[in-house]
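The following exercises concern one protein chain.

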Amino acid sequence: MSSPVNPAVRKPGDTSQLLQTCMEQTVQALQATGIASETEIARMLAHFERSVSQGEPLDLLEILARVQGADEEHLGIEVARISHAVSMVIHPSPPLVPFAGKLIAPSAFYESFDQLHHAARALLSPILYAEDTDAVGTGALNPIAARLMADEILAGVNRRFGIKPFVTSVRMDYESWSFLTRKHFGL
């Protein structure tokens, strides 16, 4: 797996390289798991790139579940299956946190770190909690997106305050993730 994007190389606020890294690492993980065919991956990528060009973020794993034929009723189960497989090929494997949707949105953190809010929206990896800037957590359907967002948080806080917070990244269930992305990003 390629290394996470180096935030120091990217211009703050430019999410295109971040999304490219997420896409590349997710494809590598999907190929390593064998959970999707090359045709399914190609269809997923085409749909993802179209959504990015239209400024409407979509999650790669949700797209893949739909490409593989999941209907609305079973979408959460299929996304969980794919997310679990992806999490097994990255180390450390981020845990699934089923109560993430019950956490209060960290509005003050988003207001203080507008660029991180934009990155979180692009990756669809909401901030789950922010205890000042000492401890911050993020989560996503895609464990790779969550890890990349955790790296962004670490770099953003360090750049501004010169401290390295304790940052966690977790996997979320579809229902919690869907609720939080609507709540945090107006999607």
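## Exercise 1: The sheet

The open sheet consists of 3 strands in the order β1-β2-β3, with mixed pairing. Strands β1 and β3 are the edge strands, each with a single partner strand, so one side of each has no neighbour in the sheet. On average, neighbouring strands of this sheet are turned by 10 degrees against each other, direction ignored; such angles run from 0 to 180 degrees between N-to-C directions, with axes as lines fitted to C-alpha atoms.

The model is a predicted one, in which local features need pLDDT of at least 70, side-chain atom pairs count only at pLDDT 80 or more, and totals for chains, interfaces and linings use all residues. Residues are numbered from 1 along each chain as its sequence is written, and side-chain values use heavy atoms, with hydrogens and water left out.

**Task.** Determine in which sense strands β1 and β2 pair, and over how many bridges.

**Solution.** Step 1: strands are DSSP runs of E with at least two residues, helices are runs of H or I with at least four residues, and both are numbered from the N terminus. Step 2: two strands pair if DSSP finds at least two bridges between them. Step 3: β1 (residues 127-131) and β2 (residues 135-140) are antiparallel, joined over 4 bridges. Step 4: I127 has T138 in β2 as its bridge partner, and A130 is opposite V136 in β2. Step 5: the hairpin of β1 and β2 has 3 residues between the strands, and D132 there takes a positive phi near 55 degrees.

## Exercise 2: The whole chain

**Task.** State how many helices and strands the chain has, and what pattern the chain follows along the sequence.

**Solution.** Step 1: there are 8 helices and 3 strands. Step 2: the pattern reads α-α-α-α-α-α-β-β-α-β-α. Step 3: the radius of gyration is 15 Å, close to the 16 Å of the globule rule for 187 residues, so the chain is as compact as a globular protein of that length. That radius is taken over C-alpha atoms, and the rule is 2.2 Å times the number of residues to the power 0.38. Step 4: 50% of the 187 residues count as buried, meaning under 20% relative accessible area, with exposed over 50% and partly exposed in between (1.4 Å probe, protein chains only).

## Exercise 3: Helix α4

**Task.** Compare the span that helix α4 should have with the distance between its end C-alpha atoms.

**Solution.** Step 1: the expected span is 1.5 Å times one less than the number of residues. Step 2: for the 14 residues of α4 (residues 75-88) this gives 20 Å, and the end C-alpha atoms are 20 Å apart, in agreement. Step 3: the buried residues of α4 include L75, V79 and I82. Step 4: among the elements covering the buried residues of α4 are α1 (16-33), α3 (60-67) and α7 (143-161).

## Exercise 4: Residue E62

**Task.** Decide whether E62 is buried or exposed, and identify which residues E62 touches.

**Solution.** Step 1: E62 belongs to helix α3. Step 2: its relative accessible area is 10%, so E62 is buried. Step 3: leaving out residues up to four places away in sequence, E62 touches L75, V79, L141, Y174 and W177, where contact means heavy atoms within 4.5 Å. Step 4: the E62 side chain makes a polar contact with the side chain of R66 (3.0 Å). A polar contact is a pair of N or O atoms within 3.5 Å; within protein, one must be able to donate a hydrogen and the other to accept it, and residues adjacent in sequence count only if both atoms are side-chain atoms.
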